[in-house]
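I opened this entry to keep track of what I looked up. The notes follow the order of my reading.

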Amino acid sequence: VLSINDLGYNSNIYSYQDMEEPDWTADVGINLGVAAVLKNRFILVIHEFPYYSFYAKNKKEEAFNNRFQFSIYTHLGRLNLSYRFDLNDTRERPSTEFGTRTRDKERNHAISLDYGRHDRFFITFYAARNRKEYTDERYLQDYDLSHLDREETLLGTSLNKRIFSRTRIWLNYEYYIYRFLRAAENDGLGGKLSLGIDFPEISSITGSMRFGWKYFLPENPDHTDYSKPFGSGTLSIRMLKRLKFHFNYLVDNFFSFWSVNQYFDERSFGGGAEFYLSRGIKVGANYRSGRLSYKSL
């Protein structure tokens, strides 16, 4: 599939209030996919997505990117098993606080097991190992991006209940461990407990919403524990067949690029509207507002 994303005008590509920089942008690439069914027992899926990010004026922001994913699925009665491997090499904004794009390399493994009936009630268990590194040398003299290079280990379980149509509510607990490759003083572990709802992919209302509480226990005795609310969601509502409104929110906290000893709380919300000129062409506009509040570890 020929893929053209984010083709349009952005009034502020860096999202900095005191340094607005407009530009025309586009991500153009080839989205390749292949799948196979083996002996009615295994499904193998491979996705390869190379693409190039174009900027009309800010040529230094242009970059070649690639996303690769391999997945395998199987089942044993009501027991469903899956494994996924991701290998990404992209140049993107790493977080809301960092305006310019950086080279981000990811290597992720994830396994999942669920038991039950997806049209009624099922339980999911999962584990993941993610490795993330920042390698863009152009910023190393100004910002120490390497102190966020890390490995994340996740263990989680979810209780999933279908309530009507294909709408699903779930209760999730996730335990995570952070191991920083070049800033061991930030190592620690924590957990997340959340309640969420997923709307069907094909409906007048689509998307998902999540609310919960998270905590972090640093191994460094000089750093303080903390616990905070978190949540995220995106909701789209289609009206009159061609008109769609969408809303999103984020309440969470993240490690900061500016200092090894800092993190920030983020509270943001946004919305927008889209109008479908035809089945395959739409025009729209989006707005987002937020605040970052910095804390010391």
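Which residues does glutamine 262 touch, not counting residues up to four places away in sequence? I found Phe255, Ser256, Tyr294, Lys295 and Leu297. Contact here means heavy atoms within 4.5 Å.

Before going on, I noted the ground rules. This is a predicted model, where local features need pLDDT of at least 70 and side-chain atom pairs count only at pLDDT 80 or more, while totals for chains, interfaces and linings use all residues. Residues are numbered from 1 along each chain as its sequence is written, and side-chain values use heavy atoms, with hydrogens and water left out.

**Glutamine 262.** I placed glutamine 262 in strand β15, residues 262-276. Strands (E, at least two residues) are DSSP runs, numbered from the N terminus. Glutamine 262 is partly exposed, because its relative accessibility is 26%. The scale is this: buried is under 20% relative accessible area, exposed is over 50%, and partly exposed lies in between (1.4 Å probe, protein chains only). I also checked aspartate 252, ten residues away along the chain: its C-alpha atom is 14 Å from that of glutamine 262.

**Phenylalanine 255 and the core.** Next I followed Phe255. Leaving aside neighbours within four places in sequence, its contacts include Gln262, Leu148, Tyr178, Phe180 and Phe216. I then looked up the largest nonpolar core, which has 16 residues. Such a core is a set of buried Ala, Val, Leu, Ile, Met, Phe, Trp, Tyr and Cys residues joined through side-chain atoms within 4.5 Å. Phe255 is among the residues with the most contacts inside this core, as are Leu148 and Phe257. β8 and β10 (167-180) each supply at least two of the core residues. The largest share, three residues, comes from β10.

**Tyrosine 115.** I turned to the strand pairs. Two strands pair if DSSP finds at least two bridges between them. β6 (79-92) and β7 (102-116) are antiparallel over 14 bridges. Here tyrosine 115 in β7 stands opposite leucine 79. β7 also runs antiparallel to β8 (121-134), with 13 bridges. In β8, tyrosine 115 has isoleucine 123 as its bridge partner. Four residues lie between β7 and β8 in their hairpin.

**Positive phi.** Most residues other than glycine have a negative phi. I noted aspartate 6, with phi near 50°. Aspartate 6 sits in β1 (2-10) and is exposed, because its relative accessibility is 58%. Lysine 39 has a positive phi of about 55°. I found lysine 39 in the loop between β3 (32-38) and β4 (42-55). Lysine 39 counts as exposed because its relative accessible area is 82%.
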